[in-house]
Amino acid sequence: MTAPAFISLTVNGERVEAHVLPRLNLADFLREHLKLTGTHVGCEHGVCGACTVRVGGEIVRSCLMLAVQVNGATIETIEGLSDSGEIADLQAAFRDRNALQCGFCTPGMLMAAQDLLQRNRKPAREEIREHLSGNYCRCTGYQAIIDAVENTARSRMERSA
Amino acid sequence: MSSIRVNPETLSVLDRPNSYIGKTVPRPNLDRLLQGRAAYVSDMELPRMAHVAFLRSPHAHAKIVSLDAAAARQMPGVIAIVTGKELADVITPWVGVLSHLKGLKSAPQSAIAIDRVCWQGEAVAAIVATNRAAAEDAAEHVAVEYQELEAVTDMRAALDAATPVIHASLGDNLAFERLHDAGAVDQAFAESDAVVEAEFVFGRHTGVTLEPRAVVADWNAAEARLTIYQGTQAPHMVQNIAALHLGLRESQVRVVCKDVGGSFGIKVHIYADEMATYALSKLLRRPIKFVADRVESFNTDIHARDHRCKGKIGVKRDGTITAFEIDDLTGIGPYSMYPRTSAIEANQVVNLVGGPYTSKNYRARARVVFQNKNVMCQYRAVGHPIACSVTEGLVDLAAMKIGMDPVEIRRRNLIKDDAYPCASPSGLRFEQLSHHASLTKIVEMMGYDALRAEQAALRKTGVYRGIGIASFIEVTNPSAAFYGVGGAKISSQDGVAVRLDAQGSVICQTSITEQGQGSEALTAQIVGSVLGVSMDRVRVILGDTDMTPYGGGTWASRGAGIGGEAALQATKILRKNILDVAAAILQSTPAELDIVNNAIVNVGDGAPRIELNGLARIVYFRPDTLPPGIQPELMATKHFVPREYPFAFTNGVQAAWVEVDTDTGFVKLLKHWVVEDCGTIINPQLVDEQIRGGVVQGLGAALFEKCIYDERGQLTNANMADYLVPMSGEMPDIDVGHVVSPTRESELGAKGAGEAGTAGAAAAVTNAVNDALRPFATIVTDIPLTPQVILTALGRI
């Protein structure tokens with residue numbers, strides 16, 4: 001179980017092939033092998049949410065998943081979501097509301113917020129707080145983040161109305 | 001031209017057209033953070049870079065009998081295994097004392113422990129390998145034999161004769177003691193109608209920056225130069241200390257600090273493992289990276305608070321507070337931290353207790369003791385939460401005793417807004433505070449009377465809600481009085497260089513640093529406003545000792561007030577220099593010209609004369625076309641330090657509205673309000689968000705956060721699952737209001753805002769909980785206010 005294993009996957013639309021040690025977690029694989037350093041490591045045991053990425057459309061804690069488990073999977077990171085423009089409005093709302101200070105939690109926070117907005121187009125403030133309650137932010141006190149997500153939901157509703 | 005207006009040079013910069021001062025504008029550096037394209041040290045890689053993992057002591061206090069690394073050296077990827085003794089050839093030990101804290105003592109501390117470990121988590125060996133995982137694998141094969149020594153853990157017993165002395169050479173476990181006695185305290189208590197006493201207990205907690213401490217040290221043997229990439233708040237301080245202990249000149253050390261994943265005072269100190277990393281790079285002649293993992297962060301990032309403070313207040317029937325007395329005890333771990341020392345927090349508690357009030361009778365004792373736990377030092381709002389909780393807790397207890405409303409007793413005792421300048425009973429000088437205006441404003445914001453009515457109505461239905469008020473003062477813009485006078489090479493002045501580039505844009509280098517507060521934004525706002533250029537034309541460079549003027553950095557709420565003023569003054573000079581050149585080019589006079597919207601315009605009619613990029617083009621590429629003798633100077637530098645007041649005190653008041661579940665002991669935060677006065681507000685949104693973030697850190701201390709040690713000095717909850725931090729689900733919305741009393745120390749008039757939220761949040765919540773528990777005739781003075789604390793107070797467990 002210590003020999004490198006071959007994996008093949010899609011990351012942000014690009015085909016990636018690698019030989020990885022079975023113990024390598026997905027966060028370290030993204031950061032150290034693919035140099036996608038937008039995915040951050042905060043606690044390494046699935047509590048802080050800084051390493052949140054999308055695997056097959058679902059958000060996961062990449063520190064709790066092994067690289068060998070994503071063989072054949074489709075992964076999206078903050079770099080991919082930024083370049084595709086998918087969350088451009090959410091990022092703009094964060095910027096306008098100063099919903100980030102040091103920015104270390106922000107990629108994971110954006111991942112989790114976009115996940116909520118895809119499931120629930122009109123979340124109540126309490127639902128936003130609840131959905132993001134697995135993402136730790138030491139700087140903002142959360143209110144600005146909740147406001148930014150709420151503002152994004154509102155403007156998406158207006159655009160689609 | 002008879003219609004010339006007053007030269008705008010004589011107007012305040014706040015009044016200039018298109019000023020950004022006082023406006024909410026987005027921070028220019030946010031996009032890279034939002035897109036995952038920031039440059040945190042933990043993301044960094046350099047050619048030939050190796051990784052260090054530290055083997056850390058499992059014991060709180062033990063003798064290192066032997067250390068055998070032979071097997072570990074054979075592990076794959078291992079480059080070197082270095083002990084404390086070996087590293088001592090490269091880096092000298094240090095002692096964390098300052099001469100102005102009279103009597104403060106500490107023992108020499110080494111980068112890696114030699115012979116003895118003094119807390120669980122102290123490093124005993126460095127394992128350097130090609131990657132972190134390989135280093136950790138090898139660490140498991142380093143055999144260390146320890147002889148366990150008795151651990152001093154309870155601060156209350158640290159000074160007992162029967163307790164072992166941690167550092168024999170110091171004689172006892174007392175690091176520092178301060179006594180203060182002002183006015184006539186005994187007489188004041190004797191003449192009081194009521195005297196109330198309580199003991200306030202503050203849990204030891206820590207910063208939990210989401211990005212752990214991280215450093216890459218790169219010794220280039222050919223250049224004989226060390227480049228340190230580190231998430232730090234004070235690059236020049238790191239430069240000075242690294243050079244001093246590695247035997248280098250400061251010019252041989254460059255400190256680079258790009259993006260930092262949270263700091264809050266955690267990253268303003270010099271840590272042993274960081275010193276070891278610098279030394280390892282020099283020893284091994286290659287870049288070495290250290291990133292603390294989360295367990296290491298809990299065991300080695302400075303802890304804070306952990307005070308037991310007895311308090312006493314005297315009051316007359318009419319509400320007049322007659323005297324305050326405190327006896328504070330705190331345990332700081334085995335060493336005073338370097339170079340800021342671990343006596344500052346207790347010293348601040350003595351300074352700040354009673355600070356908002358008129359009573360001149362004040363007696364205090366503070367004792368700081370050594371113990372075998374992780375080191376403790378300055379963390380956001382140093383000393384403030386303790387002083388505020390003790391003061392405001394006592395004021396509420398006094399009010400309760402004489403049957404007076406908490407707002408009313410404050411109205412009767414807070415220093416009047418027209419009484420300034422004046423001094424506190426501990427000798428602090430106040431330039432201008434606004435306690436009464438702030439209190440009036442918060443009472444209005446929260447709808448105090450309606451909340452009281454709601455509280456009374458709900459109480460009849462068995463719902464227990466409470467209101468807590470906490471007035472506070474806050475130390476900002478520190479001068480050399482904080483550290484410099486005690487001998488620390490920590491700059492209290494800051495510098496800014498500003499220049500016009502060849503396309504008419506501005507490059508601004510500042511010695512303050514950015515960890516998310518908005519240093520870059522506020523600097524660009526000031527430069528843009530004073531010069532008359534749009535913010536997108538201003539590029540701010542910070543966090544690099546090779547690239548910026550010398551200065552203190554960003555800590556103790558000094559960035560805006562000190563670095564901001566330096567930016568203002570430097571830009572005024574640049575503006576004058578540009579207008580001089582413009583006058584020469586346009587055959588006008590500087591008084592007839594202004595800079596507005598990136599162009600030179602007539603003062604009289606606002607007509608554009610020449611774009612700044614046109615002016616810059618002439619200066620840099622066609623100076624031959626300028627009149628004879630003109631030598632344009634399109635770069636200016638200024639430094640600033642407050643000289644009149646040692647600290648720019650700010651003030652404010654917080655209020656909490658909480659509900660206590662008397663069956664479960666859970667406290668629900670319903671709403672929180674803050675009114676604060678930080679002087680001139682440069683960017684309202686950034687100030688409000690500093691306050692909100694600060695409040696939530698204070699709420700964490702109030703309700704959740706505690707480093708739990710067992711009696712053997714083992715930290716039992718060193719992970720984020722067991723150490724609770726505030727998450728979005730439990731936090732309330734926070735309304736923020738302002739009163740504005742600019743400091744006259746600077747033209748900008750800005751004071752700090754970074755500590756205000758943390759300073760008063762726990763006091764407001766504790767007072768609110770006690771207000772809610774009034775029908776049960778019980779008091780809680782222990783934070784965090786866990787369900788266990790509440791249920792114990794209620795006699796339910």
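**Two chains, question by question**

User: Is A:Lys35 buried or exposed?
Analyst: A residue counts as buried if 20 or more other C-beta atoms lie within 10 Å of its own, exposed if 12 or fewer, and partly exposed in between, with C-beta atoms placed from the backbone. A:Lys35 has 10 other C-beta atoms within 10 Å, so this residue is exposed.

User: What kind of model is this?
Analyst: Residues are numbered from 1 along each chain as its sequence is written, while chains are lettered from A and ligands numbered from 1 in the order in which they are written. Local features need pLDDT of at least 70, side-chain atom pairs count only at pLDDT 80 or more, totals for chains, interfaces and linings use all residues, and the model itself is predicted.

User: Back to A:Lys35: what is its phi?
Analyst: Find A:Lys35 in the loop between helix 1 (26–33) and strand 3 (52–55) of chain A. (Helices, H or I with at least four residues, and strands, E with at least two, are DSSP runs numbered from the N terminus.) This residue isn't a glycine, yet its phi is positive, near 60 degrees.

User: Which loop of chain B holds B:Arg285, a residue with positive phi?
Analyst: B:Arg285 is not a glycine either, and its phi is about 55 degrees. With 11 C-beta neighbours inside 10 Å, B:Arg285 counts as exposed. Its place is the loop between helix 7 (272–284) and strand 13 (288–291).

User: How far apart are the centres of the two domains of chain A?
Analyst: Chain A splits into domain 1 (5–81) and domain 2 (87–160), with bounds that come from an automatic or database domain assignment. Taken over C-alpha atoms, their centres are separated by 22 Å.

User: Which element gives the largest share of the side of domain 1 of chain A that touches domain 2?
Analyst: Two residues are in contact if their C-beta atoms, placed from the backbone, lie within 7 Å. Domain 1 of chain A brings 14 residues to this contact and domain 2 of chain A brings 12. Strand 3 and helix 2 of chain A each give two or more residues to the domain 1 side. The largest share, 3 residues, comes from strand 3 of chain A.

User: How many residues of the side of chain A that touches chain B are charged?
Analyst: Between the chains, 39 residues of chain A are in contact with 41 residues of chain B. Helix 3 of chain A gives the largest share of the chain A side, 4 residues. For the classes, Ala, Val, Leu, Ile, Met, Phe, Trp, Tyr, Cys and Pro count as nonpolar, Asp, Glu, Lys and Arg as charged, and the others, Gly among them, as polar. That side has 17 nonpolar and 15 polar residues, and the charged ones number 7.

User: Which residue is the bridge partner of B:Val601?
Analyst: Strand 25 of chain B runs antiparallel to strand 26 of chain B. Look in strand 26 of chain B, where the partner of B:Val601 is B:Pro608.

User: Which helix gives the most to the side of domain 1 of chain B that touches domain 3 of chain B?
Analyst: In this contact, 21 residues of domain 1 of chain B meet 21 residues of domain 3 of chain B. Helix 14 (519–531) and helix 15 of chain B each supply at least two residues of the domain 1 side. The most, 6 residues, comes from helix 15 of chain B.

Conventions
Pairing = 2+ DSSP bridges.
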